[in-house]
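Then read on, section by section.

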Amino acid sequence: MSGHPFFDDDRRYWPTSEPKVDVSIVVPAYNEESCIATLVERLTTALHPLDISYEIIVVDDGSTD
């Protein structure tokens, strides 16, 4: 058992006060500034009717835009 309430022994972060998320979508993005809004809109449109909790994480992969 870790001595810290938010980290396990491997130092991974486990927030205890955050709600659980059913689906996490991680999107690496490299010079995709013009497409991100459309992507998030389409993902939201597809996920919303499923009645699940979700998060969309867009990771800037060293873009220049």
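Take valine 26. This residue lies in strand 1, which spans residues 23–29. Is valine 26 buried or exposed? Its relative accessibility is 53%, so valine 26 counts as exposed. The cut-off for that label is over 50%.

## The overall layout

The protein chain has 1 helix and 2 strands. In sequence order the pattern is β-α-β. Helix 1 covers residues 33–47, and strand 2 covers residues 54–60.

How many of the 65 residues are buried? The share is 9%. The protein chain exposes about 5400 Å². Carbon and sulfur atoms supply 55% of that area.

Contacts also reach across the sequence. Take the contacts with a separation of 6 or more: 59% of them join residues 24 or more positions apart.

## How confident is the prediction?

The mean pLDDT of the protein chain is 81. A value of 70 or more is reached by 71% of the residues. Among the elements, helix 1 has the highest mean pLDDT, at 95. Strand 2 has the lowest, at 93.

A word of caution applies here. Where pLDDT is low, predicted coordinates should not be read in detail.

Which residues does isoleucine 25 contact, leaving aside neighbours within four places in sequence? The list is Leu43, Leu47, Glu55, Ile56 and Ile57. One of these, isoleucine 56, is 31 residues away along the chain. Even so, the C-alpha atoms of isoleucine 25 and isoleucine 56 are separated by 4.9 Å.

Valine 27 is in strand 1 too. With a relative accessible area of 15%, valine 27 is buried, because buried means under 20%. Not counting residues up to four places away in sequence, valine 27 touches Leu39, Ile57, Val58 and Val59. Valine 27 and valine 40 are 13 residues apart in sequence. Their C-alpha atoms are 9.8 Å apart in space.

## Two loops with a positive phi

Asparagine 31 is found in the loop between strand 1 and helix 1. It is not a glycine, yet its phi is positive, about 55°. Its relative accessible area is 31%, so asparagine 31 is partly exposed.

Aspartate 51 belongs to the loop between helix 1 and strand 2. Its phi is also positive, about 55°, although aspartate 51 is not a glycine. Is aspartate 51 buried or exposed? At 70% relative accessibility, aspartate 51 counts as exposed.

## A link to the end of the chain

Which part of the chain holds serine 63? Serine 63 is in the segment after strand 2. A polar atom of its side chain lies 2.7 Å from the backbone nitrogen of asparagine 31.

Serine 63 has several contacts, leaving aside its neighbours within four places in sequence. They are Ala29, Tyr30 and Asn31. Asn31 is the loop residue described above, between strand 1 and helix 1.

Conventions:
Residues numbered from 1 in each chain as written. Predicted model: local features only at pLDDT ≥ 70, side-chain atom pairs only at ≥ 80, totals over all residues. Heavy atoms only, no water. pLDDT = per-residue confidence, 0-100. Helix = DSSP H or I, 4+ residues; strand = E, 2+ residues; numbered from the N terminus. Buried < 20%, exposed > 50% of the residue type's maximum accessible area, 1.4 Å probe, protein only. Contact = heavy atoms within 4.5 Å. Areas by Shrake-Rupley, 256 points an atom, 1.4 Å probe, with all protein chains shown as cover. Polar contact = N/O pair within 3.5 Å; in protein donor to acceptor, adjacent residues only side chain to side chain.
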